[in-house]
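Biologist: I'm new to this one and would like a quick tour. Can we start with the charged pairs and go from there?

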Amino acid sequence: MTWQPNKLEQERLDKLRQIEDLGVEAFPARVHRTHTTAQALAAYADWEAVNPDADKSGDDPAQGVTVTVCGRVRRQNIKGKVSFLHIEDESGRVQLFMRVNDMDEAAYNLVREKLVELDDFVQATGTMMRTQAGEASVRVREFKLLAKALSPLPVIKQQKQEDGTIIEFGEFNDVETRYRQRYADLAVNADVRDVFKKRALIIRTMREFFDNEGFLEVETPILQPIYGGAAARPFITHHNQLHQDLYLRISFELYLKRLLVGGYDAVYEIGRDFRNEGVSFKHNTEFTMLEFYKAYIDYEGVMDLVERMVRTIVQRVTGGTVIEYQGQTLDFGAPWPRLTIREAIKQNAEIDYMDHPTAESLEAAMRKIGLQFAPNQTWGKLVEHLLGETVEKKLIQPTFILDYPRDISPFAKRVRYDDKHVERFEIYMAGMEMGNAFTELNDPRDQEARFIDMAQLYRADEDDATPTDDDYLRAMRFGMPPCGGFGMGVDRLVMLVTNQRSIRDVLLYPHLREEQR
């Protein structure tokens, strides 16, 4: 659709034409920068410390700090022959002190006549100085436009505090518009930019943790001929050359465990999964997952790794082990409680599901306590529903819930004490499920029987169906070492550590409905 400028955009277009009529490049190809804004201010602070009695006017370029800075114009104050601009780059802001006697008059007139205005990108060269008001600034001698903004950013008002800091507040409050126009959201909201810096730090710390633990980072296929490793509906695509339907992966699990067969002791992957399911405050159709698998440990060993990993991340990002999330205090320093799923439900729902060994019996018991659920659920799915409805929201502190029903856990080894449960845990924090782990099944005969059981329990079109992967079974027959494995949604961890209510607030480009024009 052809762009139709509104009134403000048309005014900017008119100014662009005026600039070009003056022979000024509005989008030059060459840029020169010697300092970020933060580096310029730091260099000047160092110079002042060494030269406390020196002239602070910046009048003599030979007696000070000369810088070339670049950034977006965020504030302007034009006073005839003297003007002040605040420009911003990723590192912060700095003031430009511009006086017509110091610089080329034609360049100054771009500012005085407001041909250069808010949101434009500019470059300024000059000597650092301190104004009469005491603000460190660049006394500009050379100035040029780098990029003309044709659409104004959302209005954000600024209020300067007594300590010199600036608080921003404004009108960019429509959540969907912020997500859809993330570029504008980032440009005007420093706190949003900070969330994604912390996200990068979380992922970097995660990598460092596993590298230091002796794991190998690997990459496995995103396009898969058979999807598996989780209970979810996949996205389907088609390879035209090979005449083959393929699936966007819903999990890395089966490909990573093949690598243990191949001789690696410990592997991990951080990447994107895709699940063709509903969206919510904690679900997005594509999301970032961490999965790791390590030979010669069980789910107890996995718990140790997970607890240490999350604690390391929280300490690295926040400086401590206690955080606030949506009004709740979470302590990652204390040992995490461990409860079996049966214990957790008995404590919170006053029902022992083991007294109801069939799905029909358990359904009746659940109806008696007022629970609603979809019909024709398996026994294990009903137990999982019980957990979700009666326990999950109460699990505020980091908690391990152990020993899940076998019929919803096709890749986990049985517990020693019965034939109904397996060595599987999920971790919960702030009332959300955050990760899933098994003592991995490594007997190919048992694994094949589980695939057959799943085929009988679920229809092929159900989200919980787990298709038989014959190549994975073939790999297991070559011998898979005893191992433990774990998967975690990275986005949810970022939500917690950055105190964001919605997963969309920690995704740069969350999936949205088609825009209505």
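Modeller: Fine. This is a predicted model. In it, the side chains of E300 and R338 meet in a salt bridge, 2.8 Å from N to O. E300 lies in helix 8 (residues 299-318) and R338 in strand 16 (residues 338-340), so the pair ties together parts that are 38 residues apart in sequence.

Biologist: How many salt bridges does the structure hold?

Modeller: The structure holds 51. One of them joins the side chains of R130 and E48, at 2.8 Å from N to O. R130 is in strand 4 and E48 in helix 2, 82 residues apart, and the pair links distant parts of the chain.

Biologist: Where do R130 and E48 stand on burial?

Modeller: R130 counts as partly exposed, because its relative accessibility is 30%. E48 has a relative accessible area of 14%, so E48 is buried.

Biologist: What does helix 2 lie across?

Modeller: Helix 2 (residues 37-50) lies across strand 1 (66-79), strand 2, strand 3, strand 4 (121-130) and strand 5 (136-147). Its angle to strand 4 is about 10°.

Biologist: How are those five strands arranged?

Modeller: They close into a barrel in the order 1-2-3-5-4, with mixed pairing. From one strand to the next, the twist averages 55°.

Biologist: Which way do strand 2 and strand 3 run, parallel or antiparallel?

Modeller: Antiparallel: eight bridges join strand 2 (residues 82-89) to strand 3 (residues 92-99). L85 stands opposite L96 in strand 3.

Biologist: New topic. Where is T288 found, and is T288 buried or exposed?

Modeller: T288 is in strand 13 (residues 286-295). T288 counts as buried because its relative accessibility is 6%.

Biologist: Which side chains make a polar contact with the side chain of T288?

Modeller: The side chain of R199 does, at 3.1 Å. The side chain of R272 does too, at 2.7 Å. Leaving aside residues up to four places away in sequence, T288 also touches others, including I270, G271, M488 and D491.

Biologist: Back to charges. Which residues are linked in a network of salt bridges?

Modeller: R12, K15, E117, D119, D120 and K148 are linked that way.

Biologist: And what does R406 form a salt bridge with?

Modeller: With D419, where the closest N and O atoms are 3.7 Å apart. R406 and D419 both lie in the loop between strand 17 (399-402) and strand 18 (424-429), so this pair ties together parts that are 13 residues apart in sequence.

Key:
Residues are numbered from 1 along each chain as its sequence is written. This is a predicted model: local features need pLDDT of at least 70, side-chain atom pairs count only at pLDDT 80 or more; totals for chains, interfaces and linings use all residues. Side-chain values use heavy atoms; hydrogens and water are left out. Helices (H or I, at least four residues) and strands (E, at least two) are DSSP runs, numbered from the N terminus. Buried means under 20% relative accessible area, exposed over 50%, partly exposed in between (1.4 Å probe, protein chains only). A polar contact is a pair of N or O atoms within 3.5 Å; within protein, one must be able to donate a hydrogen and the other to accept it, and residues adjacent in sequence count only if both atoms are side-chain atoms. Contact means heavy atoms within 4.5 Å. Two strands pair if DSSP finds at least two bridges between them. Axes are lines fitted to C-alpha atoms, for helices over the stretch in contact, and angles run from 0 to 180 degrees between N-to-C directions. A salt bridge is a side-chain nitrogen of Lys or Arg within 4 Å of a carboxyl oxygen of Asp or Glu.
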